[in-house]
Amino acid sequence: MNISNEKILVVEDEQGMRVFYQGFFRLRGCTTKCVRSVTEAIEYIETNPVSLVVLDLVLPCRNGEELFDYLQHHHPEVFIIVATGHPKPSILRKIAAKANSCLFVKPFNIDEICEEAISVVTQSRSRAVAC
C-alpha cells in the first residue's frame, strides 16, 4: 500500500519509539514530525495539517488524553492511533465514541500499529477520492 506524501505526527516521549516511528514512516515517503509533548503537538498541528496522529497517553507535563480531546474538538478529521500501556476508562470511552480512532495497549506489536496507520491513511485517501 502506498502512503507516500502523507503527513503524520508522532507524540511520544520515549526517544527509541520516536526514532522507530520516524524511520518507518519516512521509508514509506511520509512527512513525519515527532514531538515529546502535548504543547509541542498543538503548536505543530496548528500550522502543519496532518492526516494521522500516533499518540502516547503518558507524556511529560500534560497527558495525551488532553491532546485527544483537543484534536477531537479542533481537528475531528484527523485519525488518532492511541498507543499506551495505561488506558484509563475515560479514554476508552472516548475512543469508542470517535469513529476515526483506535487503541493499542502496551506491550503491543509495533508492526500492528504501523499496519493500522497504513490502512487508515489508505482508507482516508479512498474516501477523499470517492467524494
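Predicted model: local features only at pLDDT ≥ 70, side-chain atom pairs only at ≥ 80, totals over all residues.

Trainee: Why is Thr-84 called buried?

Mentor: Its relative accessible area is 0%. Buried means under 20%, exposed over 50%, and partly exposed in between (1.4 Å probe, protein chains only). Thr-84 is therefore buried.

Trainee: Where does Thr-84 lie, and what does it touch?

Mentor: Thr-84 lies in strand β4, residues 79-84. Strands are DSSP runs of E, at least two residues; helices are runs of H or I, at least four; both are numbered from the N terminus. Thr-84 touches Asp-56, Leu-57, Val-58, Leu-103, Phe-104, Val-105, Lys-106 and Phe-108, leaving out residues up to four places away in sequence. Contact means heavy atoms within 4.5 Å.

Trainee: What makes Cys-61 exposed?

Mentor: Cys-61 has a relative accessible area of 87%, so it counts as exposed. Cys-61 sits in the loop between β3 and α3. Its phi is near 70°, a positive value in a residue other than glycine.

Trainee: Why is Val-38 called buried?

Mentor: Val-38 has 1% relative accessibility, so it is buried. Val-38 belongs to helix α2, residues 38-47. Beyond its neighbours within four places in sequence, Val-38 contacts Leu-59, Arg-62, Asn-63, Gly-64 and Leu-67. Val-38 and Phe-68 are 30 residues apart in sequence and 9.4 Å apart in space, C-alpha to C-alpha.

Trainee: Why is α3 called roughly parallel to α4?

Mentor: Two packed helices are described by the angle between their axes and the distance between the axes. Helix α3 (residues 64-74) and helix α4 (residues 89-97) pack at about 25°, with axes 11 Å apart. That angle makes α3 roughly parallel to α4. Under 35 degrees is roughly parallel, over 145 roughly antiparallel, 65 to 115 roughly perpendicular, and the rest oblique. Axes are lines fitted to C-alpha atoms, for helices over the stretch in contact, and angles run from 0 to 180 degrees between N-to-C directions.

Trainee: Which residues meet between α3 and α4?

Mentor: Glu-65, Phe-68 and Asp-69 in α3 meet Ser-90, Ile-91, Lys-94 and Ile-95 in α4. By class, this contact has three nonpolar, one polar and three charged residues.

Trainee: How do you know that Glu-65 is buried?

Mentor: The relative accessible area of Glu-65 is 10%, so it counts as buried. Glu-65 touches Leu-57, Lys-88, Ser-90, Ile-91 and Lys-94, not counting residues up to four places away in sequence.

Trainee: What makes a set of residues a nonpolar core?

Mentor: The members are buried Ala, Val, Leu, Ile, Met, Phe, Trp, Tyr and Cys residues, joined through side-chain atoms within 4.5 Å. The largest such core here has 23 residues. Those with the most contacts inside it are Val-10, Tyr-21, Phe-25, Leu-52, Ile-81, Phe-108 and Ile-113.

Trainee: Which element gives the most to this core?

Mentor: α5 does, with seven residues. Apart from this core lies another, of 22 residues, among them Val-50, Leu-67, Leu-71 and Val-82.

Key: Residues numbered from 1 in each chain as written. Heavy atoms only, no water. Nonpolar A, V, L, I, M, F, W, Y, C, P; charged D, E, K, R; others polar.
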